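Work through the exercises below with the sequence and the 3D structure open. Each task is followed by a solution in steps.

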Amino acid sequence: MPDTTAPISQTCRDPVCGMEVTPVHDTPQAIHDGEAYYFCASRCRDKFVQDPVAYLEGRPPPTPVIEGARYICPMDPEILEHEPGDCPICGMALEPELPSPDPGPNPELVDFKRRLWIAGPLAGLVFASEMGAHLGLPVQNLFGGHVGLGVLQALLTGAVGWICRPILLRGVASIRNGRPNMWTLILLGTGAAFLFSMLALIAPRLLPSELLSAGGHAPLYFEAAAVILVLVLAGQVMELTARARTGDAIRALMDLSPKTALRVAADGTDTTITLDEVVAGDLLRVRPGDAVPVDGTVASGHSSVDESVVTGEPLPVEKTPGDAVTGGTLNGNGSFVMRAEAVGADTLLSRIVAQVAAAQRSRAPIEARVDQVAAWFVPAVVAVALLAFVAWLIFGPAPQLIFAVTAAVSVLIIACPCAMGLATPMSVMVAVGRGAQVGVLIRDAEALELLAKARILVLDKTGTLTEGRPVVSRVDGDRESVLGLAAALEEHSEHPLAGAILAAADGVARPAIEDFQAVPGRGVQARLGGEQVYLGNAAFLSEIGVEVAAGATGGTQLFLARAGAHIGTIEVSDPVKPRAAEVVAALQAEGLDLVVATGDAAGPAKAVAGAVGLSVEAVHAGLLPSDKAALVAKLREGGVVVMAGDGVNDGPALASADVGVAMGTGADVALEAAGITLSGGDLAGLLRARRLAAAARQNISQNLLFAFLYNGLGVPIAAGLLYPVFGLLLSPMIAALAMSLSSVSVIANALRLRAVRL
């Protein structure tokens, strides 16, 4: 480690932005570590502790090693390392498991761009000198004849190979690891062209006489090796640039959280602190237009909060004291003070980011079939190249060896298993990120693929089709007196429907009662001014001699009696979600058969089904959790089944289904058992998830079709299949360009999912 406290004796400039690099000693991290940190003036990168002279030499900083971070391969996500490097399977550069919120330049991309700027002109000189000689220009005379020109081309090509050595080293590593891949083919192809040219330059007499010119010289292919390496390097630059965009969705989520928060002290003063300093229990002020810093509840004030970044729903939600707020959501015009409850990695937004990152690394079932093809692909390509070489030697026109080498090198170069390997992971990565932007959190790629294939959708009623919060939907009798007396009784009750009655009676005067008593399964009773009052079901009132007629409704009816007479009826129901009917119709239009499975009674369940446009035959009511799981298991005999629910009783059914979809407002057990979570708890999210899955499946099919067609057509053409008919033999340089563009095309097609309409 150099002496970082010593003054810099020369001006250092960052090779990326050109700004001066200076040491900083007084940052918190520098003081903690006892070392200086070097920054460029534009802060275009993270801090680095290293010799500043490295900047003058143009060496890019290594990929920062982040403590506790893991690095993954985008094509082989099973590879997880604690330090950056190359994948031992495919040779691609490993990427951080979670992208940085402020990524700055990719060190590998910066490195490859600089190499391309140097190697490109050198390869251009080799190509121009060779083409000039073929066009009859006096190029050879400038360098002392054929041999002199060949020596120059060999030196320039060697320089290009040295500059492009990361490409060649990946090929060497693939052979050493016994993992043949794209880099193996590139190494074999360019190596064959270079070694053949060296042999032709040094010992041309060892080659067949028909290859030699009148002066005894053999043709050289240095320009093919140099240009191929540069084209592959250019393809890597394009691929790295395109791949960087696949992490945009996660970075957008990470950017939602503000960097600072306003802590409210005991005396009411505000202090700006960083988000890392927030602890549970802190009071934080959220001003109009600010992002909510962490998860918590409103302590005072009120406002409307735009939660679309988490739920995907565009309408702001009113927040009053006691309401929950989520970090990363955007406050409206009001101001409020919140109490922090979940901070750091425990916030909903942090958990979403972690889940999205994990889902992007998961493998879809279709990848297993691709892997089977890829396992024999490289050996098959090498076999085809050898076959083409032998066929041209035996059956080709003169000079056979030149045609044989050209065909074999072209076959090795054009075959690109990388396009096949990237076809599915890139689509999954972009689709998972797109889903997170609209409130659809995908646990793994398998759930996404199965959701696209599903034909049966099982829906829980409460919390899925309905709001899951009972409300008073009808009051018979004098509304104020009935609600006031019912609220006086229910404020002493622990019945689940008591809250709905108390909410409806907010602001209504309540009489004082005595001798309150709850009768389990029946209702409640008390004394009011010497008279007995009752609130309960029809059976309860019948026991005291008050006959009432329960109507056939979709809610629960509570009857109020005083002094032996029926004085009013309150109906409590769980309202259907506003867009439930619209979404149900859209899901049916997507080809799904919908089934309702609920533990509720048949009457309310059928009423809800009718309200959303489903037939009563689709309703299965009065089910225990085990009954729901058994129903799902039976339905799976008819195809892929999706189960959507939110409660503890839905856990077994969610786990039994091919794909479990949890409403994000539900119980933790439901979220853990599900493959997909709708963070907003809205059924419309299920429709978005289905459309996203269908779009991703189509995109994967397009990528695989392109990759297989590309190789299925490209390899035979490179081998010379069209030569007998059209006299066309593919140049190795054209093969290299096509190979590079194939991977870029697959990534570009996957990125179209970013704009898919849901």
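**Exercise 1. Find which residues Thr157 is in contact with, leaving aside its neighbours within four places in sequence, and decide whether Thr157 is buried or exposed.**

Step 1. Locate the residue: Thr157 is part of helix H5, residues 145–163. Helices here are DSSP runs of H or I with at least four residues, strands are runs of E with at least two, and both are numbered from the N terminus.

Step 2. List the contacts, a contact being heavy atoms within 4.5 Å. Beyond its sequence neighbours within four places, Thr157 touches Val126, Phe194, Phe222, Ala225 and Ala226.

Step 3. Classify the residue. Buried means under 20% relative accessible area, exposed over 50%, and partly exposed in between, using a 1.4 Å probe and protein chains only. Thr157 has a relative accessible area of 3%, so Thr157 is buried.

Before going on, note the basis of the values. The model is predicted, so local features need pLDDT of at least 70 and side-chain atom pairs count only at pLDDT 80 or more, while totals for chains, interfaces and linings use all residues. Residues are numbered from 1 along each chain as its sequence is written, and side-chain values use heavy atoms, with hydrogens and water left out.

**Exercise 2. Describe the largest nonpolar core and the contacts of Leu686.**

Step 1. Apply the definition: a nonpolar core is a set of buried Ala, Val, Leu, Ile, Met, Phe, Trp, Tyr and Cys residues joined through side-chain atoms within 4.5 Å. The largest such core has 130 residues, and Ile676 and Leu686 have the most contacts inside it.

Step 2. Find the main contributor. Helix H25 (residues 684–719) supplies the largest share of this core, 15 residues.

Step 3. Look around Leu686. Its contacts, leaving aside neighbours within four places in sequence, are Leu457, Leu459, Leu587, Ala644, Val661 and Leu678.

**Exercise 3. Give the strand order of the seven-stranded sheet and name its edge strands.**

Step 1. Trace the order. The open sheet runs S14-S26-S25-S24-S15-S22-S23, with mixed pairing. Two strands pair if DSSP finds at least two bridges between them.

Step 2. Identify the edges. Strand S14 (440–442) and strand S23 (619–620) each pair on one side only.

Step 3. Examine one pair. Strand S24 (residues 641–645) and strand S25 (residues 659–663) run parallel and are joined by four bridges. Met643 has Gly660 in S25 as its bridge partner.

**Exercise 4. Locate two residues other than glycine with positive phi, Asp515 and Ala563, and state whether they are buried or exposed.**

Step 1. Take Asp515, whose phi is near 55°. Asp515 is in strand S17 (residues 514–519). Its relative accessible area is 54%, so Asp515 is exposed.

Step 2. Take Ala563, with phi of about 55°. Ala563 sits in the loop between strand S20 (556–562) and strand S21 (565–573). Relative accessibility is 52% for Ala563, which therefore counts as exposed.
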